[in-house]
Amino acid sequence: MIQADRVTRTTCPYCGVGCTLELHVKQNFIYKVTSPFDSPVNHGNLCVKGRFGYDFIYHPNRITTPMARRYLLQNDYQGALWKTRYHAPELGNRSLTNGNDSPTPWDWVETDWETALNLAADRLTHIYQRDGSDAMAVYCCAKATNEDNYVLQKMFRALFRTNNVDHCTRLCHAGSVVALQQSLGTSAMSNTASQVMLNDVFIVTGSNTTENHPIIALQMKAAVRKRGAKMIVVDPRRIELVDFAELWLPLKPGTNVPLFSAMAHVIVKENLVNWDFVRTRTEGFEGYVESLEKFTPEYAEAICDVPAENIRQAARLYATAKNAAIYWGMGISQLSHGTASALSLVHLALLTGHIGRDGTGLNPLRGQNNVQGASDMGAMPFHYPGYMLVDREENAVQWERLWKVEPGGLSRKLGLTTTEILEHAHEGGVRALYIMGENPMMTEPNLNRTRQHIEQLEFLVVQDLFLNETGVYADVFLPAASFAEKDGTFTNTDRRVQRVRAAHPPRGQARPDWQIVCDLAKRIEARLGRPTSAGWDYAHPEQILREVAQVNLDYAGITYERIEKVGLQYPAPTLDYPGTPTLFTETFPRGRGRFIPLDYVPVMEQADDEFPFILTTGRVLEHWHGGTMTRHSVIDQVYPEARVEIHPADAEIHGIRDGDPVRVRSRRGEVVLRASVTEKTTVGVVFIPFHFVEAAANLLTNDALDPQAKIPEFKACAVQIFPARETDLPNPEAILRRGRY
Ligand code: SF4
C-alpha cells in the first residue's frame, strides 16, 4: 500500500456542487482522491469526475511552456495578416519541433515567460492606444478561482477602461440571473442544496441533476426515499430522476412559460395563494393575475403536450406543501426567452410563499465549479464585483478609489457579452481578446459563425492548460497551473466560499492564473505610463480576497482562516457573521418581490417538414463542458464518443438501429455520430452532449439570443437526421490537429 507524502484538502474543479476532495500525493504526483465525511457539501461522496477525473494534470499534451507565434518573435506584424488569409489554424498546432515543413509566420515557438509576457503586453497596449477601450475584451473563467477572476477583470477595467468582460455564465444561467435580479434584486441560489432533505415537495426542471450535479441528485433521491418527499420532474427527457418522481411532465422543449404559468393559473383559480405573503412581501400581483387569465391548463396542454390534469396535479402538490422548493438547470435558461422562462418559476414561489424559509426556495443549480464566484468577482459586462452596476456613478467611484484610478477613469458604459464580443470582432470593433480557461470554439452556439468571428481578431491571448479548439487560434499561449497546483477559493452553487489548495508545484513552467495576470498587468501599466498603480503586488491570493471584501461586502466577513475547514456561505458582512444558508428570510434585496406579467414566446425554430426534429443539448456524467479536462482524463475511456439519443419510434421510421452512424443537420451545420436508440428522449426530440469536438453539437445550435440576458438558445433548434456510413464518422485527433471542424 502506498504511503502518501501528504494529503491535501481542496475543492473539486468540475461542477457547482463544490465537493471537498482529499488529494493523496506521493512524489509530487496525485495517485488517489478521497473525500472527508465532515464535508457539509458531500459527506464523503464523490461522482466519477471528482474521484477519477484528475489525471489530466499529467497528460502529455498539456502545455507547460509559454509559446508565441513566430511572426511575433520576429517582430513581423504583417505576418499576422497571413493568419486570416490562409486560415492558419490548419497549421496552428504544428510546433517547430515536429515538422519538416518550411517555417511559417504562424508556427508556434516555445519561449520564456519574460518574452511571452512582454510580447502580450506590447501588442495589447499597442491595440488599446491605437483603437481605444472598445477594441479590448476578455473572457474570464468559471473554472478558475475567485482571485484569478478578480485580478483579470480588474486588469481590463482599471488598465484598458473597458467593461467588455464576461465568462460562461452568459452561456448557462444568464436568463436565471436576469430574472432573479428583476424580481428579487439578487441572483444567487436562495437556499442550501442539502436543504432538499427539508422539502415536502420539490420541482426539478430543466436539470438532468443525476448527470450534472450528481451529489445533489443523491440528496434528492434520499429525500424521496427517506423522508417521503414528493418530486415533480418537468423535463422533455426521461431522466433518471423520473424513476423517483411522483409526477413527470414531459413538456416540449422551450414551452416552460405556458406550463408554469398554467400552474400559477390553477393556484390562483383554486385559491391556493399564500395571501399573507403576497400582501406583505410582493408587488405587481393584480397585473400579473390578469396576464394569467389565458394560461389555462388546456391552453398549456395544446402547446406543451402535457395533459392538463397533470398540470393541475403538479400545481396543487406544490402549492399545498408545507415546504416546497424549485431546482432548475439550463433547460430553463438556455432559450431565446430564458429570462421569461425563469420568471415563470419565480412567480410560483412568490404566489405560494415558498421562499425565505429553510426547505423552500428558488435554486438555480449553477454549472461550473466557480461560475457563482466568477460572477461575484465582477466577471460580467454589466457589474463590478458584488453585482454593482457599472453605469451607476456611486459604484464606479468606489472601485476607482480602491484601484487608484483617477475620478471618471473607469468606463460607465455597459460592456459586451461573450457572444457579442465575438460578433464585434471586425475592423472598428473588438481587435484584441484575452481568454483565460474558456473554450468558445466548443461552447458558443453556431460554431461555424464563431470560427469566422475568431479568425477576424487581430490578437488573441489564450491562458490555459491545453492547446484546445480555441487555443489553436491564439497568438500567444500562457500555460496555467491546474486547480491542484495553486491556492485560492471557489464559491459553489449555494454560495459557499471554499478553499482551493496546491497539492504540488505546477508542472513545467506553468504558473497560477492570478500570478500570470498580475505580472502582465504590471508590464501593461508601465507601458501605459499611468501615474499610480492599481496594485498588483500580492504575495498570496488571500490578499486578493481581502481586497475584494473592501467593497463587495457580501465577502467582508470571509477570510482564509474562517473558511479553513468547511467554507462559509455568503453574505457574511462581518468577521463574526456565521454565514447565510437561507436568503430572504425578512425581505428581498429590492424590497418586495415583483410579479412581472409574461406572454408565451415560442422558440425561434420549430420542427417542420424539412427539419422534423427538435435538438436539445446538454452534458453527460463523465464529461465536462468543452472537454478540455475530461477528454484528457482516463474517464474519457468510459464515455469515449458522442452519441445522439433518438426515440425508438423515430429510429424505426428512419431505419436507424442502435449504434448506427447518422448524420444530423441543422440550418447552420452538420455532424456525423452514432445513434443511441433510447426511451430517455421523447418522440420528435433528439439529444446530443456538447463535449465532443468530433461531433460538436454547437455546430448545429441556434445563436438567437434572449434580448435581456443575451443567452443563446442552446436548448431547442430544428434538425434533420438520416443514416450515414461508417466511413463518414470523423477522427477526433485529425480534427484537433487541423484546429477546425
Ligand atoms: Fe465534483 Fe460535482 Fe462530482 Fe462533486 S458532484 S465530485 S463537485 S463533479
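Modeller: A polar contact is a pair of N or O atoms within 3.5 Å; within protein, one atom must be able to donate a hydrogen and the other to accept it, and residues adjacent in sequence count only if both atoms are side-chain atoms. The model here is predicted, with local features needing pLDDT of at least 70 and side-chain atom pairs pLDDT 80 or more, while totals for chains, interfaces and linings use all residues. Residues are numbered from 1 along each chain as its sequence is written, and side-chain values use heavy atoms, without hydrogens and water.

Colleague: What makes the pair of tyrosine 570 and glutamine 372 a polar contact?

Modeller: Their side chains are joined at 3.0 Å, a value within the 3.5 Å limit, so the term applies. Glutamine 372 is also one of the residues that tyrosine 570 touches (heavy atoms within 4.5 Å); Ala188, Arg495 and Asp554 are among them too.

Colleague: Why is tyrosine 570 called buried?

Modeller: Its relative accessible area is 3%. Buried means under 20%, exposed over 50% and partly exposed in between (1.4 Å probe, protein chains only), so tyrosine 570 is buried. Tyrosine 570 lies in the loop between β21 (568–569) and β22, strands being DSSP runs of E with at least two residues and helices runs of H or I with at least four, numbered from the N terminus.

Colleague: How do you know that glutamate 240 and lysine 221 form a salt bridge?

Modeller: The N to O distance is 3.0 Å. A salt bridge requires a side-chain nitrogen of Lys or Arg within 4 Å of a carboxyl oxygen of Asp or Glu, so this pair qualifies. Glutamate 240 sits in the loop between β9 (230–234) and β10 (247–249) and lysine 221 in helix α9 (residues 214–227), so the bridge ties together parts 19 residues apart in sequence. With 30% relative accessible area, glutamate 240 is partly exposed, whereas lysine 221, at 11%, is buried.

Colleague: What makes helix α7 mostly covered?

Modeller: Of the 10 residues in α7 (residues 174–183), 8 are buried. They are Ala174, Gly175, Ser176, Val177, Val178, Ala179, Leu180 and Ser183. Their cover includes α6 (169–172), β12 (324–328), α16 (338–352) and β22.

Colleague: Which residues surround the ligand?

Modeller: With near meaning a heavy atom within 4 Å, the surrounding residues include Cys12, Tyr14, Lys49, Gly50 and Ile215. The shell has 9 nonpolar, 2 polar and 1 charged residues; here Ala, Val, Leu, Ile, Met, Phe, Trp, Tyr, Cys and Pro count as nonpolar, Asp, Glu, Lys and Arg as charged, and the others, Gly among them, as polar. Helices α1 (48–52) and α9 each supply at least two residues of the shell.

Terms used: Lists of a residue's contacts leave out its neighbours within four places in sequence.
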